[in-house]
Amino acid sequence: MENLNHLLIVFTAYVIAAGSPGPSTLRIMGVAMNHGRRAGLALAAGVISGSLFWGLSAATGVSALLARYAEALIFLKIFGGIYLLYLAVRAARSALTSNPATSSGPAREESPPSSVALYRHGLIMHLANPKAVLAWIALVTLGLGAEPSWRDVATILAGCAVLSVMIFAGYALVFSTAPMIRLYRKARRGIEGVLAAFFGFAGLRLLMSRF
């Protein structure tokens, strides 16, 4: 029973950390509304892969070793901050363009990105987030005792993997529905403007933060 309660705490912490609004979830929302379900799921798959990579790294001690070297985290922080600012510029440019002609399908940009490009985009976005490294270290530390077994490690990683798919793919599915697409068509410039402000703020905050 004690182990079960411990796992519930770990999984609850993961749901709150992964499901709360952030660069990854907001980007999935925007892509799903703009390009549809398949695009949203492709981006979500990249984010999920990045999350699981840091989870495996944390479980094997790689990310803890990485965190001991300030230079590595500083590099991730700079790269991640610049990448968020890049997303802010793209969203701002989209917000400044006029609304495209309405159509019966999802609103589309002139040249929709491929699924491979979207997957790569989601993967880079999550791998370049140093806070994801620290969050997984804290999560694994919370979930594993002083002498963890491989069964404990596998249980936590498997549970978080399932939750990751449910959360990020869920965002893609919900925000690619017809009502959300109609909302995006009507308020595209405002939505992109909000995303631009959020990504810009997050990028600057990351660049100026201290770990």
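Y86 is partly exposed, with 42% relative accessible area (partly exposed sits between buried, under 20%, and exposed, over 50%, using a 1.4 Å probe and protein chains only). This is a predicted model, where local features need pLDDT of at least 70, side-chain atom pairs count only at pLDDT 80 or more, and totals for chains, interfaces and linings use all residues. Residues are numbered from 1 along each chain as its sequence is written, and side-chain values use heavy atoms, leaving out hydrogens and water.

**Aromatic rings**
- Y83, at 15% relative accessibility, is buried.
- The whole structure holds 5 aromatic pairs (ring centres of Phe, Tyr and Trp, its six-membered ring, within 6.5 Å; planes under 30 degrees apart are stacked, over 60 edge-to-face, the rest tilted).
- F53 and W54 have ring centres 5.1 Å apart and planes at 65 degrees, so they pair edge-to-face.
- The rings of Y83 and Y86 are tilted, with centres 5.8 Å apart and planes at 35 degrees.
- F79 joins Y83 and Y86 in a cluster linked by ring pairs.
- F53 is partly exposed at 43%, whereas W54 is buried at 7%.

**T25**
- T25 is buried, at 2% relative accessibility.
- Leaving aside residues up to four places away in sequence, T25 touches A18, G19, S20, F168 and Y171 (contact means heavy atoms within 4.5 Å).
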